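The following exercises are to be worked through with the sequence and the model at hand. Each task is followed by a solution in steps.

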Amino acid sequence: MPAVSVDNILVLPRLPKVDQATATERKVSSVTTAPSGFEGEGFPVRRAFAGVDLSQLDPFIHMDQMGEVEYAPGEPKGTPWHPHRGFETVTYMIDGTLRHQDSNGGGGLISDGDTQWMTAGGGLLHIEAPPEEVVMSGGLFHGFQLWVNLPGRLKMTAPRYQDIHRGDVGLVSSHDGGALLRVIAGEVGGHKGPGITHTPIALLHATVSPGAQVRLPWRADFNALVYVLNGTGTVGANRRPIRSGQLAMFGPGDVVTLDADQHQESRSPALDVLVLGGQPIREPVAAYGPFVMNTRQELVQAFEDFQAGRLGTIPAQPHPGHDVL
C-alpha cells in the first residue's frame, strides 16, 4: 500500500486551494464500522456499506474491501462463474492480482493499482480468480469492489468492459503536497479520471501524510462517502474520528475535508481512504443477489433469463492435448 505512487509528489498537478469565504464544508452525518465476512470461494471481505440506508448510498449499492490478507501458497481464492444484471461493478486492486473473464468477451488481469470496470447492463456471466501462479506462490491481496447502480433506462444496456491500467489513473497532489490523490473516475478540482461512467460519479484513492489535511472540492449535487483502508484521522467539518474499516457519510456542501493523525501505526504509515460520491438516481431499487433492478417483476425476469441461459454461457476452456488457435 499504495500500489501507485510517485517519487516526488511536488511535480504533480495540484488541487486548487479551497476558498474558505465561499465554500460550504460538509459535516459528517454518520460513521459506521464494516463487519467482516467471506465472499466467493471463501476470501475475506469487509462489508463497507453494512448498516447504511440504501437511499443515502444512492447511486451506490454495495462495496466490499477485499483483504488485506497475506496468503500462504495454495490459499488464494476467487469467485466461481456467476451472473449480473442492472448495474456496474468496479474492481480496484491495490496489491495482488486477479484474473477476470466474462461471457461477453471481456477480461484480463487486474494487478497492483489496476481497475476493472464492468457494465453488466442487460446481463452477463463472469468470474474473478487469482491466476495459477499466484495460487502457487501466495502473497499479499488487497482491493475493493464497488457496485454502481444504473438508472432504469439503462438497466438493459449492452454490457461493456473497461480495463483501466494503473498508469492511466489521474495523479494529483493536494494544494500543499501533503496528500497524493489517484482519480479513477469523475472529476475532482478540475482533474479527471479515466473511468467512463453511465451514472455521474467521482471515485478516488487518497494517501494523506501524517499530520496533513486535504480539502476536496466536491459537487454539491453529489453525495459524499469516505471509507478508510488504513490509518487513522478525522473527517468533515465536525472533525469526526475515523479509522481503518470505517465509513463516513457526509451531509450537504461542496467541500470534503480529511485530516490524518500525526501519529500512525508503523504498519499503516499514512491515512489511506477511498472517497466516492455520485448523483442520486432516486428510483426504486429491487436488489437480490447478483441482480439490481427497479421492480420485483424485473428481478423475477432476471432469474428466469439466467436459468434459461439468456445471460450468456460459460466460455469453453481448452483442454490439455487440444490445439489452441
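**Exercise 1: the surroundings of a glycine**

Gly-86 lies in the loop that joins β5 (79-84) to β6 (87-95); helices (H or I, at least four residues) and strands (E, at least two) are DSSP runs, numbered from the N terminus. The model is a predicted one, in which local features require pLDDT of at least 70 and side-chain atom pairs count only at pLDDT 80 or more, while totals for chains, interfaces and linings use all residues. Residues are numbered from 1 along each chain as its sequence is written, and side-chain values use heavy atoms, with hydrogens and water left out.

Task: Determine whether Gly-86 is buried or exposed, and which residues are in contact with Gly-86.

Solution. 
1. Buried means under 20% relative accessible area, exposed over 50%, and partly exposed in between (1.4 Å probe, protein chains only).
2. Gly-86 has a relative accessible area of 0% and is therefore buried.
3. Contact means heavy atoms within 4.5 Å. With neighbours within four places in sequence left aside, Gly-86 is in contact with Gly-121, Asn-149, Leu-150, Lys-155, Val-292 and Met-293.
4. Leu-258, 172 residues from Gly-86 in sequence, is 33 Å from Gly-86 in space, C-alpha to C-alpha.

**Exercise 2: aromatic pairs**

Solution. 
1. Rings of Phe, Tyr and Trp (its six-membered ring) pair if their centres lie within 6.5 Å; planes under 30 degrees apart count as stacked, over 60 as edge-to-face and the rest as tilted.
2. Tyr-288, Phe-291 and Phe-303 form one aromatic cluster.

**Exercise 3: the fold as a whole**

Task: State how many helices and strands the protein has, and what share of its residues is buried.

Solution. 
1. The protein contains three helices and 26 strands.
2. Of its 325 residues, 52% are buried.
3. Among contacts with a separation of 6 or more, 74% are between residues 24 or more positions apart.
4. The C-alpha trace spans about 65 × 45 × 35 Å along its principal axes.
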